[in-house]
Amino acid sequence: MTTSSSEQGVSLGMPQLPAPAYPDDVRTRLETDAKEIISRYPGSRSALLPLLHLVQSEEGHVTRTGMQFCADMLGLTTAEVTAVATFYTMYRRKPSGDYQVGVCTNTLCAVMGGDAIFESLQEHLGVGNNGTTDDGKVTLEHIECNAACDFAPVVMVNWEFFDNQTPDTAKQLVDDLRAGAEVSPTRGAPLCTFKETARILAGFPDERAGAVEAGGSAGPASLIGLRLAKGETEPARVVHPRGEGIEGEPAHDPSPTEHLSSHDAPQDTSASDPQHPAGPTAEEGE
């Protein structure tokens, strides 16, 4: 006995039509940019990643039209381009917001509060993972490691860092973005829109005044290991949890330039907890 295609849930409808072409003026402009990108590589197909950023900067996501354009410029099939565009999460496959708000939910950020931040933002914005607000301003996503564990939990907006976040500060952040208020990352370059970010990632200069000079993003907590490796030392200090201090002494209030990590507060360890003394309890082999 055979089963029909309809019973199997298989659609035998009309094949998908070819992607619509860019308007002539848009294609001419993109071809000029694409040729500049391709000229940087000894093999043209190596230019595919920046070309995908280029077409993403045009429409805010990688469309079928954009992938056909990349294929035409590089002499590839659309299947080859699609395979790359769907592999990397940095390429959006559907319309997205002006600001991509990514909440790190990898191990350290999660236990430091990343999961709580992501859940609170979903409820606050009324969207799920990879959802975009009705005004088209914010797309929310959970992402794997932001490589900023020393400032956990971390939120990124268009790949710029917002360190040591809480559910309340994260909600204020997205509210400011939606209201058009000026928002400054904790470190790194000023914010720009997702389309502008995509063009920079395609390899074109960031022409905003002061943006390049502000691009350094390593904070003191990230560099302390490097200083120790170079033999540099500094006076020992104890930083207490926010709002607390030693009896009779004011609580430590770090300056804006100090920018401490959320891990600077002392924690109970085997060396400091009398109930759990450090060191082995028996000789080796016993």
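Let's start with T197, which sits in helix α7, spanning residues 194-201; helices here are DSSP runs of H or I with at least four residues, strands are E runs of at least two, and both are numbered from the N terminus. T197 counts as buried because its relative accessible area is 8%, and buried means under 20% (exposed is over 50%, partly exposed in between, with a 1.4 Å probe and protein chains only).

What does T197 touch, leaving aside residues up to four places away in sequence? The list is N158, W159 and C192, where a contact means heavy atoms within 4.5 Å. S57 is 140 residues away from T197 along the chain, yet their C-alpha atoms are separated by 7.5 Å.

## What kind of model this is

This is a predicted model, where local features need pLDDT of at least 70 and side-chain atom pairs count only at pLDDT 80 or more, while totals for chains, interfaces and linings use all residues. Residues are numbered from 1 along each chain as its sequence is written, and side-chain values use heavy atoms, leaving out hydrogens and water.

The chain averages a pLDDT of 81, and 75% of the residues score at least 70; pLDDT is the predictor's confidence in each residue, from 0 to 100. Where pLDDT is low, the predicted coordinates should not be read in detail.

## The overall fold

The chain has eight helices and five strands. Of its 286 residues, 35% count as buried. Among contacts with a separation of 6 or more, 65% are between residues 24 or more positions apart.

The five strands make an open sheet in the order β2-β3-β1-β4-β5, with mixed pairing; two strands pair if DSSP finds at least two bridges between them. At the edges are β2 (131-132) and β5 (160-162), each pairing on one side only. Strands β1 (residues 99-104) and β3 (residues 138-143) run parallel, joined by six bridges.

## The cavity lining

Which residues line the largest cavity? They are R92, Q100, G102, E141, M156, N158 and W159. A cavity is a set of points, on a 1 Å grid over the protein atoms alone, where a 1.4 Å probe fits but cannot get out, and lining residues have an atom within 4 Å of a point.

Definitions and conventions: On a 1 Å grid over the protein atoms alone, a cavity is a set of points where a 1.4 Å probe fits but cannot get out, and a pocket is an open set with protein on both sides within 12 Å along at least five of seven lines; lining residues have an atom within 4 Å of a point.
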